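Hi,

Here is the structure I promised to pass on to you. Please have a look at it first, and then read my notes below.

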Amino acid sequence: MTDRPGPNPSVSDEALIRAVLEAYPPALGTSDVADKVELSSEATRRHLKRLEEEGYLSTDKLGSVRVWWVTDDGRGYLSGRNGSSSQ
């Protein structure tokens with residue numbers, strides 16, 4: 001555990017984007033993403049928010065659940081990584 005604030009660096013951006021992209025339906029709630037990448041919901045939320053700010057994910061609130069989906073830029077990010085998975 002690090003004393004540094006912010007997202008846990010042990011989960012890669014690629015792992016988070018892939019978790020959302022590979023979901024069916026192609027949108028996941030924050031806790032669903034957290035379960036897929038084995039990270040706390042709070043840490044996952046911080047990661048996902050940053051990825052949204054960078055344009056890789058989009059989000060909306062459906063009732064009481066915030067859902068996330070991969071943007072074209074997010075797909076491009078994964079394509080640029082040649083389909084490799086770091087986590």
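**What I found**

D35 is exposed, with a relative accessible area of 59% (exposed means over 50%, buried under 20% and partly exposed in between, using a 1.4 Å probe and protein chains only). This residue is found in helix α2; helices are DSSP runs of H or I with at least four residues, strands are runs of E with at least two, and both are numbered from the N terminus.

A word on the source: this is a predicted model, where local features need pLDDT of at least 70 and side-chain atom pairs count only at pLDDT 80 or more, while totals for chains, interfaces and linings use all residues. Residues are numbered from 1 along each chain as its sequence is written, and side-chain values use heavy atoms, leaving out hydrogens and water.

Now to the inside. The largest nonpolar core has 20 residues, and L16, I17, V33 and L57 touch the most other members. Such a core is a set of buried Ala, Val, Leu, Ile, Met, Phe, Trp, Tyr and Cys residues joined through side-chain atoms within 4.5 Å. Helix α1 gives the most to this core, with five residues.

Helix α1 also meets α2: A15, L16, A19 and V20 are in contact with V33, K36 and V37 (contact means heavy atoms within 4.5 Å). The residues of this contact divide into six nonpolar, no polar and one charged; Ala, Val, Leu, Ile, Met, Phe, Trp, Tyr, Cys and Pro count as nonpolar, Asp, Glu, Lys and Arg as charged, and the others, Gly among them, as polar.

Enjoy exploring!
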